[in-house]
Amino acid sequence: MKRTAILLCALGGWCALVGEDASHKYTRAEMEKYLLEAKILSVRPLSVGVTNSSKAKLSDGTLNHDAHVQTVDIFKSSFATSRGNELNFKDTYKFNIAAYRLDKIMDLGMIPPSVERKVEGKNSALTWWVDDTAMTEEERVKQNVQPPNPAGWNQQMYVVRVFDQLIFNTDRNLGNLVIDKKWNAWMIDHTRAFRVTEKLPTLTSIPQCERKFLAAMRKLDEATLNEELKPYVSKSEIKSMLARRDMIVKYFDEQIAAKGEAAVLYDLPPR
Ligand SMILES: Nc1ncnc2c1ncn2[C@@H]1O[C@H](COP(=O)(O)OP(=O)(O)O)[C@@H](O)[C@H]1O
Ligand SMILES: [Mg+2]
C-alpha cells in the first residue's frame, strides 16, 4: 500500500516514510547507501551510554530515519577496566563498522548496518537506528518483561554469546542489546571488541549453536576478512579471531560427536 502521508514510528521514533511503501524492507546495500548519502538534519547527544554518543536525524527526501553516531577512538597501552587492567586497550567506532561487516559476511542479520562517515567534522560510525525498537535488554530485565517465546529468545541469546566470544567483545552490557517489537534481538556497540587474545572465555555455558552460524564461522578465511574488515581491524586482530573461531568450532564439533547433532544445533527462523 502506498503511503503519501508521513508515518511516524511508534515510541517517538523519527523513521518517517514519504510516498513510499511502508512495508518495504530495506536491503543492507540500500541502508548503507542511505547512511552514506542522506542529509544529516540534526545531531543530538544521547542521554544513555558511556561514550557520549549521539543520535542523528537523516533524510534523503523520501525517507526520514535516525542513525546512531559513534566517534570514540581511544588507544591506551594500559587501561583500568571493571575487569582489571587491560593492556593495549582500544575503544573505537571502527569496531562498530567491523562488527557489522562481519555480521554481513556471515549473513547473521543481527547487527544494524554501520558505515564510516564524517559527522560534524568527526570520523564516525554511523549506524542505522534499529527499526521498531521496543526496549533494550536492560529495560526488559529491569521491568521483568518475559519474552513470548522463551526458547526462541534463548536461541537468539546463544548466537549473541557465541558471537561475543568470536569477536572477544568485552562490553556486552545489557544496554548493548536492542529488542524490536517482533522480539528480534539486535547487537549494537562493539567498540570494545576484537581483542588480540587467543584465550576463549568459557563456552561450556552455551549449550547450543545456530546451524547456519556455525557453518558461516567454519567458512571464515583470513584473506576475505583482511580485505573486508580493512582498515578497521588489524591483521593480528583477525588472526586472533580466527584462532578463537577454531576453538569455538572444535568445541561444538565435540559436543555434536558426544550428544548428536539434534541436541546441539538448531535453526533460527528467518527474520
Ligand atoms: N543502532 C541503534 N538502534 C537503536 N538504539 C541504539 C542504537 N545505537 C545505540 N542505541 C541506544 O543508545 C544507547 C547508547 O549507545 P551505545 O552504542 O551503546 O553507546 P555507549 O558506548 O555510550 O554505550 C544504547 O544502549 C541503545 O539504547
Ligand atoms: Mg553501550
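Begin by selecting strand β12 (residues 177-180) together with β13, which pair in the antiparallel sense over three bridges; helices (H or I, at least four residues) and strands (E, at least two) are DSSP runs numbered from the N terminus, and two strands pair if DSSP finds at least two bridges between them. What you have open is a predicted model, in which local features need pLDDT of at least 70 and side-chain atom pairs count only at pLDDT 80 or more, while totals for chains, interfaces and linings use all residues. Residues are numbered from 1 along each chain as its sequence is written, and chains are lettered from A and ligands numbered from 1 in the order in which they are written.

Stay with this pair and pick out V178, whose bridge partner in β13 is W186. Then widen the selection to the open sheet of three strands, which has the order β11-β12-β13 with antiparallel pairing. At its edges stand β11 (133-136) and β13 (185-187), each with a single partner strand, so one side of each is left without a neighbour in the sheet. From one strand to the next the twist averages 35°.

**The whole protein**

Zoom out to see eight helices and 15 strands. The radius of gyration is 19 Å, close to the 18 Å that the globule rule gives for 271 residues, so the protein is as compact as a globular protein of that length; the radius is taken over C-alpha atoms, and the rule is 2.2 Å times the number of residues to the power 0.38. Along its principal axes the C-alpha trace spans about 60 × 45 × 40 Å. Of the 271 residues, 31% count as buried, that is, with 20 or more other C-beta atoms within 10 Å of their own C-beta, against 12 or fewer for exposed and values in between for partly exposed, the C-beta atoms being placed from the backbone.

**Strand β10 and its partners**

Next select strand β10 (residues 122-128), where five of the seven residues are buried, so the strand is largely enclosed by the rest of the structure. Strand β9 (residues 114-119) pairs with β10 in the antiparallel sense over six bridges, and V115 has L126 of β10 as its bridge partner. These two strands, β9 and β10, form a hairpin with two residues between them, and E120 in the turn has a positive phi of about 50°. Strand β6 (residues 63-70) also runs antiparallel to β10, joined to it by four bridges, and here A67 has W128 of β10 as its bridge partner.

**Two helices**

Now show helix α4 (residues 150-166) and helix α7 (residues 235-259), whose axes come within 8 Å and cross at roughly 135°; axes are lines fitted to C-alpha atoms, for helices over the stretch in contact, and angles run from 0 to 180 degrees between N-to-C directions. In the contact, V162, Q165 and L166 of α4 meet M241, R244, R245 and I248 of α7, where contact requires C-beta atoms, placed from the backbone, to lie within 7 Å.

**Proline 45**

Finish at P45, which lies in strand β4 (residues 39-45). With 10 C-beta neighbours inside 10 Å, P45 counts as exposed. Leaving aside residues up to four places away in sequence, P45 touches N52 and S54.

Notes. Contact = placed C-beta atoms within 7 Å.
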